[in-house]
Amino acid sequence: MNLDSIDFVQVAILVAVLVISVVGHEIAHGYAAFKFGDLTAKNLGRLSINPIKHVDPLGTIVVPALMYLSTGVTFGWAKPVPINLRTVLYNGGYKAAIIVALAGIAYNLALFALAFCAFKLIGFEGFFDGAVAEFVFMLAAVNLVLALFNLYPIPPLDGSKALEYLLRIFGLHGSANWLNSMQRYGFIALVIIVVSPLKDYFFEPIRYAVAIMRMFL
């Protein structure tokens with residue numbers, strides 16, 4: 001990797017966007033659980049907006065930056081917020097568990113909508129220039145990607161958890177149990193998809209969504 005070709009301002013913007021996006025995603029899970037009586041995250045100080053409490057140096061900074069510099073594509077994660085699902089289920093049932101599972105996606109979609117509208121409404125008037133415009137655009141793009149990626153019903157992504165409890169609502173406990181049992185293999189499956197030709201098909205809906213976003217900006 002040629003250091004002279006690295007745009008350090010762009011890397012700094014990317015890191016800032018990822019911290020805002022993935023840390024907020026995890027806090028949203030914890031806050032949703034808190035609203036259903038689970039004090040676990042609150043008692044451990046994990047509802048704080050202080051990124052130091054949530055940042056995983058490898059998953060939030062190193063891996064995303066290296067992926068972006070080498071491939072132009074990025075992916076990252078923060079430390080998962082601890083949740084006592086038994087408390088959530090006791091106070092709100094399966095619907096509450098679905099809300100907790102989808103809370104991070106809802107946060108990412110909200111952030112995407114805010115950044116998109118800000119760029120769309122103000123960007124062309126010259127208010128956003130240079131690094132600020134890059135930040136707002138990347139904030140929209142990264143949060144759209146994170147939201148759509150996490151919707152995939154593949155363990156351990158949020159979509160699989162929401163699907164599991166939706167199946168339980170409809171009494172399909174056998175299918176829900178099978179999906180839950182796949183949690184141990186989910187990460188391996190994701191790695192295989194990402195490093196194989198399957199990624200072209202797997203990420204096509206996300207690429208299409210980002211392309212549409214670019215058309216309107």
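I looked up the transmembrane region annotation: the unreviewed UniProt entry lists residues 12-34, 55-78, 98-119, 131-152 and 185-203. UniProt positions follow the numbering used here, feature names are shortened, and annotations may be inferred rather than shown by experiment. I note that this is a predicted model, in which local features need pLDDT of at least 70, side-chain atom pairs count only at pLDDT 80 or more, and totals for chains, interfaces and linings use all residues. Residues are numbered from 1 along each chain as its sequence is written, and side-chain values use heavy atoms, with hydrogens and water left out.

I then checked two of the listed spans. Residues 98-119 are 100% helix and 0% strand, with end C-alpha atoms 31 Å apart. Residues 185-203 are 84% helix and 0% strand, and their end C-alpha atoms lie 20 Å apart. Helices (H or I, at least four residues) and strands (E, at least two) are DSSP runs, numbered from the N terminus.

I looked up confidence next. Mean pLDDT (the predictor's confidence in each residue, from 0 to 100) is 86 for the protein, and 87% of its residues reach 70 or more. Confidence is lowest in helix 3 (residues 57-71), at a mean of 68, and highest in helix 6 (residues 158-169), at 96. Where pLDDT is low, the predicted coordinates should not be read in detail.

I examined helix 1 (residues 8-35) against helix 5 (residues 130-151): their axes come within 9 Å and cross at roughly 40 degrees. Axes are lines fitted to C-alpha atoms, for helices over the stretch in contact, and angles run from 0 to 180 degrees between N-to-C directions. Helix 1 and helix 5 are therefore oblique to each other; angles under 35 degrees count as roughly parallel, over 145 as roughly antiparallel, 65 to 115 as roughly perpendicular and the rest as oblique. By class, their contact (heavy atoms within 4.5 Å) has 14 nonpolar, five polar and one charged residues. Ala, Val, Leu, Ile, Met, Phe, Trp, Tyr, Cys and Pro count as nonpolar, Asp, Glu, Lys and Arg as charged, and the others, Gly among them, as polar.

I turned to helix 6 and helix 7 (residues 173-181), whose axes come within 8 Å and cross at roughly 160 degrees. That makes helix 6 roughly antiparallel to helix 7. Their contact has four nonpolar, five polar and two charged residues.

Last, I checked Pro156, which lies in the loop between helix 5 and helix 6. The peptide bond from Pro155 to Pro156 is cis, with omega near 5 degrees.
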